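The following exercises concern a predicted model. Please study the sequence and the structure before reading the solutions.

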Amino acid sequence: MGKYFGTDGFRGEANVTLTAAHAYKVGKFLGWYYGQEAKKRGERARIVIGKDTRRSSYMFEYALASGITASGSDAYLLHVTTTPSVAYIAKCDNFDCGIMISASHNPYYDNGLKIINSAGEKMDDSLIAQIEDYLDGIRGEVPYATRENIGRTVDYIAGRHRYVGYLISLCRHSFKGKKVALDCANGSACAIARSVFEALGAKTYVINCEPDGTNINKDAGSTHIEGLCKYVIDNGMDVGFAYDGDADRCLCVDEKGQVVDGDKIMYIYAKYLKEQGKLTNNTVVATVMSNCGLFKALDEEGIEYAKTAVGDKNVNDYMSAHNNCIGGEQSGHIIFRRHASTGDGILTSLKMMEVMLEKKETLSKLAEPVVIYPQVLKNVRVKDKSAVMNAQFVLEAIKKAESIIEGNGRMLVRESGTEPLVRVMAEAEDIEMCNKCIKIVIDAIAACGLLLK
């Protein structure tokens, strides 16, 4: 992680830690950087931009486009769209790179810049380091383009429509007769999800699909899924799908109103692929945050698994290196690598529909073999993440907690990649043991004077 960019881009409160000036400079550097290579080809560099529904996203869109065009490249605007759509278009339409303006599941006053390379994957660390050096003035200024060399902005909403068509093309079954509820989190999914499900014939019911710039993720979407659970039960839905702000993750709700999280989604699809002889390397790629229940269920099916550090970029990098086809995170970032290069919430929901229709089973029945261990996660606001992770007193407290839980679960303490938080997670056979072990660690952080009040 760098000074500005974390595990999921440059994220912070709009015009506080992430400003319009930052966005302008990021755009200007990328326009110049890719412009150098484009000139050698006798072309002008092309950068595609998407955004979510936050009020500040429009400001950042114009700031990025101004920087890109000021340095001589062209900015193509997808307008309100999803992160995976930007990744898809960047790759398929041969853009030099893509930028998604979103803070994902964060509240509306935060925003972020996710930079995507021409392969549709998150940008490599070497270029991110160069951008950070430019933001800090270490690299010096990049030149302005002049006269006919100044870039232009291009309305590219057609790219979003093409992505919708691509999603529809992946489905082998009609959804006719199925009652499907979608929670769009008042975010990016509002522009896409309904049209996909209706085109496939589902009786589609949509909630939280009236974005006003400040209600993204507010008591809605995958981080507040209780509303969708109630809606599914009250209205007799066959299934429900909840997205986050930029729709790169999805959680499901079965016909009984029970949450089917990313771990269960990976199990369901991996088992389905194995039955078809299509599970490459017989392996699922999860992260260290995945529940013990997932791994026990995979063991029962004879399916192997790998664990990466948290972050869908880490999952994708591992999958790419080892030719795996299914992986993801408990939070609902699921990567179907045969079809996408990043987590895609709407694609995830379509894949769950595929399994339900192909096997003629309810979602609750498909998820039943995964028995989730109780898991408690506390996000602790701290003064210095690094100091916490290196404090001897805290390390001793973690060891003490691990000794209590050993054999019956696990502890995981890690820094947030995007916020001033240390995440303390305990997983055990009962909630009381989880809470006891978490308290030991948090008390130690407080005793070191590192809690941020």
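**Exercise 1.** Determine which residues Phe175 is in contact with, leaving aside its neighbours within four places in sequence.

*Solution.* With those neighbours set aside, the contacts of Phe175 are Phe197, Leu200, Gly201, Ala202, Leu350, Met353 and Leu357. Next, consider the largest nonpolar core, which has 71 residues. Phe175 and Phe197 are among the members that touch the most other members, a group including Leu182 and Phe241. Apart from this core lies another, of 34 residues, including Tyr34 and Tyr134.

**Exercise 2.** Classify the aromatic pair formed by Phe29 and Tyr134, and locate both residues.

*Solution.* The ring centres are 5.4 Å apart and the planes make an angle of 35°. Planes under 30 degrees apart would count as stacked and those over 60 as edge-to-face, so the pair is tilted. Phe29 belongs to helix 1 and Tyr134 to helix 4, 105 residues apart. Because buried means under 20% relative accessible area, Phe29 at 0% is buried, and Tyr134 at 2% is buried.

**Exercise 3.** Classify the pair of Tyr76 and Tyr156 by the angle between their planes.

*Solution.* The centres lie 5.3 Å apart and the planes stand at 90°, so this pair is edge-to-face. Tyr76 is in strand 4, whereas Tyr156 is in the loop between strand 7 and helix 5. Both Tyr76 and Tyr156 are buried.

**Exercise 4.** State the strand order of the sheet and identify its edges.

*Solution.* Seven strands form an open, mixed sheet in the order 1-2-6-5-3-4-7. Strand 1 and strand 7 each have a single partner strand, so one side of each lacks a neighbour in the sheet.

Terms used. Residues are numbered from 1 along each chain as its sequence is written. This is a predicted model: local features need pLDDT of at least 70, side-chain atom pairs count only at pLDDT 80 or more; totals for chains, interfaces and linings use all residues. Side-chain values use heavy atoms; hydrogens and water are left out. Two strands pair if DSSP finds at least two bridges between them. Helices (H or I, at least four residues) and strands (E, at least two) are DSSP runs, numbered from the N terminus. A nonpolar core is a set of buried Ala, Val, Leu, Ile, Met, Phe, Trp, Tyr and Cys residues joined through side-chain atoms within 4.5 Å. Buried means under 20% relative accessible area, exposed over 50%, partly exposed in between (1.4 Å probe, protein chains only). Contact means heavy atoms within 4.5 Å. Rings of Phe, Tyr and Trp (its six-membered ring) pair if their centres lie within 6.5 Å; planes under 30 degrees apart count as stacked, over 60 as edge-to-face and the rest as tilted.
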